[in-house]
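The dialogue takes up one feature at a time.

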Amino acid sequence: MSRDVILNSIRRGLRRGPLPADQQAMLDSRLAAHPTHIIPARSRLPRAGQVALFIRNLEKEFATAERVPDLDAVPAALADYLAAQNLPPRFAMAPHSELASLPWHRFPMLSFEARRGQGTDQASLQHGFAGIAETGTLMLPSAPERPTTLNLLPDAAIVVLRASAVVGAYEEAWAKLRAASHDALTGGFMPRNVMLVTGPSRSADIEQTLELGAHGPRNLHVILVDDDPEALG
Amino acid sequence: MQVHSPRFKERASAALADAPLQKALTRFRDGFQAKRAAAVAGLPEFEALRDVARDIKNHTLANLDAYLERYADKVERAGGVVHWCSTADDARAAVLKICQDAGARTVTKGKSMISEELGINAHLEAHGMEPVETDLGEYILQVRDEPPSHIIAPAFHLNREDWEASFRKSHADLPADRQFHERRDILTEARTRLRDKFLTADVGITGANFLIAETGTSVIVTNEGNGDLTQTLPRVHIVLASIEKMVPTLEDACVFMRLLARSATGQDLSVYTTFSTGARRAEDLDGPAEYHVVLIDNGRSGMLGTEFQDMLRCIRCAACMNHCPVYGAIGGHAYGWVYPGPMGAVLTPTLQGVDKAGHLPNASTFCGRCESVCPVKIPLPSLMRHWREREFERHLQPPVMRRAMGLWGWFAKRPTMYRLATRLGAGTLKLLGRGRGAFHALPFAGGWTAGRDLPVPEGRTFMAEYARRQRAK
């Protein structure tokens, strides 16, 4: 069997048989402890500085952000953004309870469907799980209430993110996912898909010159909800 | 993919005389090196992270069997299937079987160098399926039926006019008088064309930048989002991954996330870094119903325990070729197979045989820039030297070269004779070169001077100058 052929060939190269039990146990304890390594100093800042760094970095990567005082302000911010982009007031929305409970009734001109993304979608509204200040990156783990296709298919991808969900480094975002997520299939925390998104889609394949909007969204916009008093600078 | 490496010398000469390629290379050299330097300058921890990354890979390779078993177990628990393939034939057969079982007609593909190594496209085409490359650079190469010339910028050798001409020829159903005013118009045409393929494909094939043992996860890194569309929309997702892609945990992967894009394109992080673990969950609204990992050895395990083991740390960032003066002069096609530049000069003889690829490790001045930028600190010049030694031991070089090496060796072992000979040589060349800065041609060295000039020596040898300065102290 190919599995044994490969494993035996590896062991032959390493000049040993299968790992002895004590070394197996050492690997298992390393996996269980999943130690962190060097974490760059750049994101070790007070909350306000961390959120500001998150926004600065995402803008550096050609995404845009708007801060709103609370969740109730999201529909108006979204309506304004769509109008400013010359997009119709229609969007596909993640079927997430936090988005469903927004005061949409005050904005009857906005129409939306809570569903996955489709090939003809012009705009989507996604729920952000975490923001990573280090590089201005969004963490978007898949779930029934957070379909992956909403991150990929629309021309404009809009993400609602709480300021309290902004962390400094990648490791902190994984720690947050380890604590908050449960996958019924595996019993672990890892969902089927976790996307780390830093800016809109792009390509430099034509003459090493950057063009935005290759196959994914041409625009990425974050509506940042200031729910964290300490993050207000 | 056919191996053209034995014809390296002719191909390199042709590349030096290829004006459009030289134009593309000028653009290429300036871009990548400056961008990497800026990105590295922005992260003070970069150098320390290189050491950590090297150590993580070394630890993983020393325990590769155990980590692969743990990884495979986790993939299966997440509803995925692992296909262990020790040879390229096994891997091609596994991919074909999965596609046939899925009743596939159209297969979309994310950029994957291992797919090039295995020749997946030709194999699927031979069995009546349509593979569609979706990375913009790979797409134009598929249209033109060319191999990639770089591992992360596969079509850098093409100029804008090549893109336009190829799109006009290949997209013949579109109006012939349409204009490509900007690069964006080329991109938009490809986007529209490929959007339809993404939505109708039956199977999506991607590579993997990393495999994570802790969670049974495959990771891809892209800027276009094509890899994500490829792995999200079709009913079946196939991951092609060679065994050395393994890292133990997500925290280990974080170290490589900080190194990969900075070393490659000079970005802090690529736009999409995506972690896939198994098939669609019961309540999910999207994602593939089947998730297969084709786990490929194809010569890697044979490198363990040899002087080439360090090469298995490679994360395919392309920093070595982006900083190589030889690659920068001739581009990637001259190397004749999937992997060009310094990493290819080490890997190609390993995977294809030094008899076929012996020229590649010789095409280096050992300037050491590749090693100095390698994010996992692979001693590329030393590994190339190992190949030269093996080539010499196996008597693979031409007799003229062996005789010349023997002659040089005779002098080198006799310092007095060596110094006399070099003093005579330097003096003669100085005399011959009076009044000019460099020789454009020299008798018996036409092959060497065809592509470069020899500066006229100052007249004194290195040893003479060294002795003079020591005395002057």
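Q: In what order do the 8 strands of the open sheet run?
A: The order is β8(A)-β5(A)-β6(A)-β9(A)-β9(B)-β6(B)-β5(B)-β8(B), with mixed pairing. Strands here are DSSP runs of E with at least two residues, and helices are runs of H or I with at least four, each numbered from the N terminus. Two strands pair if DSSP finds at least two bridges between them. The model is a predicted one: local features need pLDDT of at least 70 and side-chain atom pairs count only at pLDDT 80 or more, while totals for chains, interfaces and linings use all residues. Residues are numbered from 1 along each chain as its sequence is written, and chains are lettered from A and ligands numbered from 1 in the order in which they are written.

Q: How many bridges join strand β9 of chain A to strand β9 of chain B, and do the two run parallel or antiparallel?
A: Strand β9 (residues 193–197) of chain A is joined to strand β9 (residues 272–276) of chain B by 5 bridges, and the two run antiparallel. Within this pair, V194(A) stands opposite F275(B).

Q: How do strands β5 and β6 of chain A pair?
A: Strand β5 (residues 130–132) and strand β6 (residues 137–141) of chain A are antiparallel, with 3 bridges between them. Here I132(A) is placed opposite T137(A) of β6(A).

Q: How many residues does each chain bring to the contact between chains A and B?
A: Two residues are in contact if their C-beta atoms, placed from the backbone, lie within 7 Å. On that basis, chain B brings 78 residues and chain A brings 60 residues. On the side of chain B that touches chain A, helix α10 (residues 183–200) of chain B gives the most, with 8 residues. The residues of that side comprise 34 nonpolar, 23 polar and 21 charged. In this division Ala, Val, Leu, Ile, Met, Phe, Trp, Tyr, Cys and Pro are nonpolar, Asp, Glu, Lys and Arg are charged, and the others, Gly among them, are polar.

Q: What scores does the model carry?
A: Its ipTM is 0.98 and its pTM is 0.93. For single residues one reads pLDDT, the predictor's confidence in each residue, from 0 to 100. Chain B averages a pLDDT of 94, and 100% of its residues score at least 70.

Q: Which residues touch the most other members of the largest nonpolar core?
A: A nonpolar core is a set of buried Ala, Val, Leu, Ile, Met, Phe, Trp, Tyr and Cys residues joined through C-beta atoms within 7 Å. A residue is buried if 20 or more other C-beta atoms lie within 10 Å of its own, exposed if 12 or fewer, and partly exposed in between, with C-beta atoms placed from the backbone. The largest core has 184 residues, of which F256(B) and V294(B) touch the most other members. Helix α12 (residues 250–264) of chain B gives the most to this core, with 10 residues. Leaving aside neighbours within four places in sequence, F256(B) is in contact with A53(B), F210(B), V247(B) and I315(B).

Q: Where is R316(B) placed?
A: R316(B) belongs to the loop between β10 (290–296) and α13 (319–322) of chain B. Its phi is near 60 degrees, a positive value in a residue other than glycine. R316(B) is partly exposed, with 17 other C-beta atoms within 10 Å.

Q: In which loop is K377(B) found?
A: K377(B) is in the loop between α18 (369–373) and α19 (380–393) of chain B. Although K377(B) is not a glycine, it has a positive phi of about 55 degrees.
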